[in-house]
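Okay, thanks for coming, everyone. Let me put the structure up, and then I'll talk you through a few parts of it.

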Amino acid sequence: MMLQSVDEYETKLGVPEGWTRTPTHYCPGCEHGILTRLIATVIEGMGIREKTVMVDSVGCSVLAYEYLNCDHIQAPHGRAPAVMAGVKRTHPELTVFTVQGDGDALAIGLLGTIYAAIRAEPVTVFLYNNSIYGMTGGQMAPTTAVGQVTTTTPYGRDLQKTGNPIDIMKILSQTEGPSYLRRGILAPEPVEAKHGMMYQAKNVLQAKKIIENAFKVQQKGGYSFVEFLGTCNVNWKMTVEESKHFLYDQVAKRYPPGIFRDKLGIEGSPK
Ligand SMILES: Cc1ncc(C[n+]2csc(CCOP(=O)(O)OP(=O)(O)O)c2C)c(N)n1
Ligand code: SF4
Ligand SMILES: [Mg+2]
């Protein structure tokens, strides 16, 4: 199906109730937009828009307050988990979530991230891991690969100077608090086909299901943390196509997708 304009696309595929139709600032080819749109679709599907609060963090996800028509509070620089806990404790009937970048959640915000998990706050974190500080121009993040060139590691990330990259699934798996720990991929997968390169949407569709699962876990009183792998073609200095290959060939090998904890058996047997 080839659609020519945004209006034609929205007429055919529909506009989620929670989508404001504001043109987004995301760079073309970035999955931040996919994530925001999927969250809007899931919120509509679950009928929770008027009882949902998004805590906006910092990084390219922050402007979701312009795009998602639910309630918002801003808590930049790693403070989202603490603010989510406050909102949820005072309003347990609400669905409370954040979208944080790897810089926000795993650098300045790592302590807040870990303690919210340890306390098993019934809230939901969606982490957008693009291995870099996207919004501020491509500095090294805690998830940047050893050897990866960024604006602050022009000769490649040096293990001796900066240590190993953080794997948040491994860290949170050491704590008893979380009910749902999941890693997924937001980008369509490039595959060789008979007439050239094609993109499979399988993981994008699965990402929608994972978002729904995370909210369901929260509704059952559990803490859910989802790490989504995404690209930042602009700061990786790649074409959109190269960035999808890099994500699947390199990043997803270092951070394999899967279920790391599923206490409530939301995806099958409890784990
Ligand atoms: C105290 C302070 N430190 C740093 C910044 C700059 N800052 C804004 S967003 C950001 C990093 C964003 O990276 P990430 O969280 O990975 O999100 P992304 O844009 O990659 O999705 C930084 C360092 C700031 N505004 N204030
Ligand atoms: S700077 Fe990177 S992460 Fe931010 S919108 Fe652009 S491509 Fe996406
Ligand atoms: Mg980032």
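**A walk through the sheet and the ligand sites**

I'll start with F228, which sits in strand 8, residues 224-229. Quick caveat before I go on: this is a predicted model.

So, is F228 buried or exposed? Its relative accessibility is 0%, so F228 is buried. And what does F228 touch, once you leave aside its neighbours within four places in sequence? The list is L35, F126, L127, Y128, N129, G184, I185, L186, A207, I210 and I211. Take L186 from that list: F228 and L186 are 42 residues apart along the chain, yet their C-alpha atoms are separated by 6.1 Å.

Seven strands make up an open sheet, and if you read across it the order is 2-1-3-4-8-5-9, with mixed pairing. At the edges you have strand 2, residues 71-74, and strand 9, residues 258-262, each of them pairing on one side only. On average, and ignoring direction, neighbouring strands in this sheet are turned by 20° against each other.

Strand 5, residues 180-185, pairs with strand 8 in the parallel sense, over six bridges.

Helix 9, residues 202-219, packs on it and touches strand 3, strand 4, strand 5 and strand 8. The direction of helix 9 makes about 165° with that of strand 5. Within helix 9, have a look at N213. With a relative accessible area of 4%, N213 is buried, since the cut-off is under 20%. Beyond its neighbours within four places in sequence, N213 is in contact with Y180, I266 and E267.

Then there's helix 4, residues 80-90. Helix 4 lies across strand 1 (52-56), strand 2, strand 3 (95-101) and strand 4 (124-129), and runs at about 175° to strand 3.

While we're in that part, let me point at V55, in strand 1. V55 is buried, at 0% relative accessible area. What is V55 in contact with, leaving aside the neighbours within four places in sequence? You get I73, A75, A80, V83, M84, V96, F97, T98 and V99. With F97, the C-alpha separation from V55 is 6.1 Å, and the two residues are 42 apart along the chain.

There's also a hairpin to look at. Strand 6, residues 189-193, and strand 7, residues 196-200, pair in the antiparallel sense over five bridges. Two residues take the hairpin from strand 6 to strand 7. One pair to click on is E189 with its bridge partner in strand 7, Q200.

Okay, ligands. Which residues coordinate the magnesium ion, ligand 3? The donors are D102 through OD, N130 through OD1 and I132 through its O, at 2.0 to 2.2 Å. Along the sequence, the spacing of those donor residues reads D-x27-N-x1-I. N130 has 5% relative accessibility, so it counts as buried. I132 counts as buried too, with 2% relative accessibility.

N130 comes up again at ligand 2. The residues surrounding ligand 2 are Y26, C27, C30, H32, C60, N130, G134, C232 and N235. Sorted by class, that shell has five nonpolar, four polar and no charged residues.

Most residues other than glycine have a negative phi. Where are R21 and A120, then? R21 lies in the loop between helix 1 (6-13) and helix 2 (32-46). Its phi is positive, about 70°, although R21 is not a glycine. With 47% relative accessibility, R21 counts as partly exposed. A120 is in the loop between helix 6 (110-118) and strand 4. A120 isn't a glycine either, and its phi is positive at about 55°. A120 is partly exposed, with a relative accessible area of 29%.

That's what I wanted to show you, so let's go to discussion.

Methods: Residues numbered from 1 in each chain as written. Chains lettered and ligands numbered in written order. Predicted model: local features only at pLDDT ≥ 70, side-chain atom pairs only at ≥ 80, totals over all residues. Heavy atoms only, no water. Donors = N, O, S within 2.8 Å, 3.2 Å for Na, K, Ca; no water. Buried < 20%, exposed > 50% of the residue type's maximum accessible area, 1.4 Å probe, protein only. Near = heavy atom within 4 Å. Nonpolar A, V, L, I, M, F, W, Y, C, P; charged D, E, K, R; others polar. Helix = DSSP H or I, 4+ residues; strand = E, 2+ residues; numbered from the N terminus. Contact = heavy atoms within 4.5 Å. Pairing = 2+ DSSP bridges. Axes fitted to C-alpha atoms, helices over the stretch in contact; angles between N-to-C directions.
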